[in-house]
Each structure stands twice: as C-alpha cells, then as structure tokens.
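Here's a quick briefing to read with the model open beside you.

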Amino acid sequence: MDYPFGPLAPDQGELTPGAMMVADGVQPLAEGYGPFPSLSVSATATALSGAPRGLISYQTADGTWQVVGFTASTAELKQADDTWSSIDSGLSVTAGDDWCSLRFGTKLLYTNTLQGLRGYDVESGGAASAVSAAKAPRWIFECGNILFGLDTLDSAGNRNNKLIRSSAFSDHTNWTTKGADYQPLESGGALIWGDKISDTAALVLQAQAVKLIQVGNVGNALWGIQTISEGFGSVGAKSCVSFDGRVFWLATDGFRMFAGGGIERIGAGLIDQWFLDRVDQEDLSLVQGVVDPFRKNVLWRWKRSGGASDVIFEDVIGYNWQFRRWFTLTVQTSYLGYTASPALTWDALADSVTWDTYDVIWDSRFLQGGQPLFGALNADFKFGYFSGGAMAATLEGFAASNRVTGLVNWAVPADDSDDGTLQLGVKDALNNTTTWKTGTAKVASGRAPLRGRGKVIAFRRNIAVGSSWTFAKGVDYIEANAGGPR
C-alpha cells in the first residue's frame with residue numbers, strides 16, 4: 001500500500017512512515033481502522049437528578065444487569081426504560097471526589113470521606129444503611145472476599161490518607177475482629193486507588209508508588225503488601241481502570257498499564273506528550289476512564305486546557321490493548337460507563353420510535369440484550385449506549401517527503417465507504433504549514449480526483465457521520481507527475 005494508516009502516534013512526528021497524526025471517530029483494527037458507533041439515547045430516557053458523581057454496573061443473582069448513578073446527594077437506579085429511580089437520598093459527597101462503589105455479596109457498597117460507607121441490598125431493596133465501623137474510606141475494593149478501605153480515619157478519628165483497613169472475611173460490617181486489620185504505609189504518598197487483579201492479589205496505586213497486596217497465608221497475617229515501583233503513581237482514582245488482570249491509569253508523565261506482573265508505558269513515544277499538551281494540567285484528577293470489554297478498549301474522557309466545564313467534556317482518548325493502538329472520539333459526555341441492555345423487539349419499541357427515526361443499528365449487540373456495552377451519560381445526564389450509526393471519522397496520516405515537487409492527480413482511498421472526501425495536504429518545506437486542499441469524493445471507479453503540488457504531501461480521509469463502512473486501511477494507487485524543481 002502506498003500510504004498505510006498505521007498507529008496513532010503524533011509524538012513521533014509527521015515524517016514517521018505509517019504514523020497517524022489524527023485517528024478520530026474510529027476504532028483500531030488489526031490493519032487500519034473501523035467505524036466507532038455514536039452515542040444513542042432512547043426516547044424514554046430521563047436525566048439523572050444532578051451532575052454525575054459516580055456510575056456503577058453490576059449483575060444481580062438472576063443475571064440481570066443494573067446501573068446505579070450517583071449525584072452529590074442521591075444514588076439512583078436506572079430502570080429498563082432508561083429513567084432513574086432514587087434508592088438513597090439526603091447524602092453528601094466530598095468536594096472534588098466521586099463516590100467509590102462496588103458489588104460485595106448481596107450489597108451495593110458506596111463510600112466517600114464525608115458520608116462514609118453505605119450499603120444497599122441489590123436483591124431485596126429497602127433502605128440503605130451506614131457502616132460506621134469502616135471509618136469512612138475514600139476508596140474500597142474487594143480481594144479474597146475481604147473488603148479493603150483506603151484513606152480512612154484512624155482510631156482517634158483523624159483522617160490518614162496512608163492508612164489501609166481490611167474487613168473480616170465476607171463481612172463488610174466487621175472491621176475489628178475475625179481477621180480484620182489495618183496498616184499505614186509510610187512511603188509512596190497518599191493512597192489513591194486499588195482493585196483486585198486475581199482472586200488472591202490486588203494492585204494499589206499511591207501518589208508516588210505502585211504496590212501489590214497478596215491475600216492468603218502471609219506470615220501471621222491474612223494479607224501482606226509489597227512494592228512494585230516507586231517514583232510515580234496515579235493522578236487520581238477516576239483515571240484507573242481494572243479489567244481481566246490488567247490495570248490502566250494516568251500518571252503525571254502519561255498512560256501506564258500493569259499486566260503480567262510488569263508496568264508498561266503504553267503511551268510513551270506515541271500520544272503521551274500530545275495528550276499532556278492539551279489536557280487541563282490543573283484538573284488531571286478529572287480524567288475518567290472505563291473499559292469497553294467487547295471491543296477490548298479502555299477509554300478516558302478528559303477536560304481540555306481552558307475548558308469551560310468540569311462536568312461535560314467533548315474529548316475521549318482510547319487504547320485498544322489487543323492491537324496496541326490509540327484513537328480518539330469527539331463526543332459530549334458527562335460520565336462513562338458500561339452495562340448490558342435488555343433484549344428488545346420492534347413491538348416493544350414501536351410506541352416510542354419509528355423505523356426511520358431509530359438510530360440504533362439493527363444488528364447491534366444493544367438489541368440482543370445481556371451483552372456488555374460501552375455507554376455514557378450525555379451532556380443532559382441521560383444514559384445511552386454507543387450503538388448508533390457511525391461517528392464522523394477523520395484519519396490524517398504522515399507526511400511523505402520527496403526530492404522534487406510532484407503534482408498529485410489521483411488517489412484511491414483504501415476503504416469501503418462511499419461517503420466523505422479525501423483531502424490532499426501539500427507544502428514545499430518541512431518547516432512550512434501544510435495547506436489542505438478541498439476534499440473530493442470518490443468517483444465510480446473508486447478513485448478520488450486530486451489537484452495539488454508540493455515536495456511534502458499528506459492525506460486526510462473524512463468519512464461522514466452515519467456512513468456505512470467497515471474498514472479504512474490507507475490511500476493507494478497515488479498517481480503523480482514528478483520532475484519539478486529540486
């Protein structure tokens with residue numbers, strides 16, 4: 001292929017063959033990119049009662065998926081029609097923090113440093129109850145049927161952001177007997193986040209360290225802790241994502257992944273510097289991530305430098321760990337999450353939508369039900385799934401430098417979209433600004449007529465929103481007349 005669409009790597013510079021400067025509205029494939037579905041919100045959806053301060057999805061004993069959204073004062077259960085029903089109210093949350101929540105036994109547990117730990121029975125419902133013995137942890141996680149609390153109150157009632165507490169086995173209410181324990185960490189800075197990576201191991205991120213908890217026969221204790229790395233940690237709990245033994249997070253110098261016992265800088269030399277140059281450095285703790293398990297993506301929503309809102313962002317950056325490639329999305333969200341949808345039929349939908357107006361793809365996993373799906377709260381705090389038609393896609397590649405000026409006449413976009421345009425970018429010196437010519441559509445032969453002259457050329461493929469396509473691999477069969485001035 002004359003001009004392949006390789007990995008997104010703006011940090012490598014435009015002269016790196018195959019590197020992409022822009023890969024927006026797409027998702028990586030083994031070769032090239034495919035469409036990313038747009039966020040689709042049902043006609044019956046209603047807004048969460050306030051700005052989101054947490055979102056969790058879990059399964060009940062009968063296999064039903066449920067979603068609970070949190071505001072500063074409420075916990076609200078999403079109904080099958082995407083409306084919300086309050087299960088807890090009159091709450092308070094720490095300024096700058098979100099609720100931390102997890103499923104533990106029959107309980108949905110949620111905590112913050114102001115309200116403390118609370119439990120709601122997801123099987124029988126009823127009123128939520130406070131668990132004061134947990135000492136108001138900022139973060140909780142489970143490993144080996146033990147509940148761990150990070151950044152808790154000490155025995156005198158003072159907050160210690162280096163203190164780890166653990167509950168009794170399978171009992172989130174007992175924090176004093178039957179093996180319950182606590183341990184302060186004197187190095188590594190404040191405790192930020194933790195989650196299990198196996199049945200007997202959990203990863204803990206501090207401000208300046210990464211540590212591993214082993215649960216089991218560890219000397220005379222039920223668990224022990226060891227240092228994996230020092231000198232860096234996480235910018236905030238919201239950026240940390242755990243799935244299938246992997247952990248992804250944002251450190252002050254870029255994105256990292258823990259897998260197989262080691263830590264990898266997955267954005268180094270690719271997108272770290274590009275991202276850090278654009279994100280609001282004063283609000284790195286607002287970067288919020290989630291996993292898209294079906295597509296093997298981890299995605300983060302982030303606030304641009306100078307962004308007006310601390311709640312609604314327009315930028316998402318994603319990493320596909322299967323193909324080890326990055327991509328971006330331009331979409332307004334107020335929180336990311338994932339869950340499974342109920343199975344739907346046309347009869348169930350016909351009262352609220354029509355065939356022409358429904359924007360979910362008819363073979364989407366959304367309609368099958370029971371399938372984990374990537375979703376989000378939109379700018380109106382309504383929950384939707386990324387299951388609509390294709391987003392608008394932009395793929396901008398590297399700059400090819402020649403010894404002589406060339407006149408480009410034709411090129412073939414190597415994709416199966418009949419929509420959108422191909423743009424030619426030209427300049428005569430590497431230190432010049434690229435001039436992008438007006439985009440042209442494919443003709444009947446699949447070629448795009450182009451007209452531009454320069455010693456340095458690049459291509460930008462624009463595919464329209466809602467277009468039906470499956471792959472874009474690059475630009476091929478470039479026809480140019482060479483022989484101009486050196």
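What follows is a short tour, grouped by topic.

This is a predicted model, where local features need pLDDT of at least 70, side-chain atom pairs count only at pLDDT 80 or more, and totals for chains, interfaces and linings use all residues. Residues are numbered from 1 along each chain as its sequence is written, and side-chain values use heavy atoms, with hydrogens and water left out.

**Confidence**

- The chain averages a pLDDT (the predictor's confidence in each residue, from 0 to 100) of 92, and 92% of the residues score at least 70.
- Residues 341-369 are the stretch to treat with care: pLDDT is below 50 there. Even so, this stretch has 54 contacts (heavy atoms within 4.5 Å) in the model beyond near neighbours in sequence.

**Nonpolar cores**

- A nonpolar core here is a set of buried Ala, Val, Leu, Ile, Met, Phe, Trp, Tyr and Cys residues joined through side-chain atoms within 4.5 Å. Buried means under 20% relative accessible area, exposed means over 50%, and partly exposed is in between (1.4 Å probe, protein chains only).
- The largest core has 64 residues, and those with the most contacts inside it are Phe255, Phe275, Trp300, Ile317, Trp326 and Phe459.
- Strand 37 (residues 448-463) supplies the largest share of this core, with six residues. Strands, like helices, are DSSP runs numbered from the N terminus (E, at least two residues, for strands; H or I, at least four, for helices).
- Which residues does Phe275 touch, not counting those up to four places away in sequence? The list is Leu250, Phe255, Val287, Trp302 and Ile317.
- Another core, of 38 residues, lies apart from that one, and its members include Cys100, Trp175, Val247 and Phe258.
- As background, nonpolar side chains in soluble globular proteins tend to be buried together.

**Around strand 11**

- Strand 11 (residues 107-111) is mostly covered, with four of its five residues buried.
- On one hand, strand 11 pairs with strand 10 (residues 100-104) in the antiparallel sense over five bridges; a pair needs at least two DSSP bridges. Phe104 has Lys107 as its bridge partner in strand 11.
- Strands 10 and 11 make a hairpin with two residues between them, and Gly105 in the turn has a positive phi of about 65°.
- Strand 11 also pairs with strand 12 (residues 117-121), again antiparallel, over four bridges. Here Tyr110 stands opposite Arg118 in strand 12.

- Four strands form an open sheet in the order 18-19-20-21, with antiparallel pairing.
- Strand 18 (191-198) and strand 21 (221-230) are the edges, each pairing on one side only.
- Neighbouring strands of the sheet are turned by 25° against each other on average, direction ignored (axes are lines fitted to C-alpha atoms, for helices over the stretch in contact, and angles run from 0 to 180 degrees between N-to-C directions).
- Strand 20 (residues 209-218) and strand 21 run antiparallel and are joined by eight bridges. In strand 21, Ile225 is the bridge partner of Ile213.

- Most residues other than glycine have a negative phi.
- Asp151, in strand 15 (residues 146-153), has a positive phi of about 60° although it is not a glycine. Asp151 is buried, at 2% relative accessible area.
- Tyr477, in strand 38 (residues 472-481), has a positive phi of about 50°. Tyr477 is exposed, at 58% relative accessible area.

**Cysteines**

- A search of the whole structure finds zero disulfides (pairs of cysteine sulfur atoms within 2.5 Å).
- Cys100 is in no disulfide, and the nearest cysteine sulfur, that of Cys240, is 11 Å away. Cys100 counts as buried, at 2% relative accessibility.

**A loop residue, Ala379**

- Ala379 sits in the loop between strand 31 (372-377) and strand 32 (383-390), and is partly exposed at 22% relative accessible area.
- Ala379 touches Ile312 and Gln332, not counting residues up to four places away in sequence.
- Ala379 and Glu314 are 65 residues apart in sequence and 9.3 Å apart in space, C-alpha to C-alpha.
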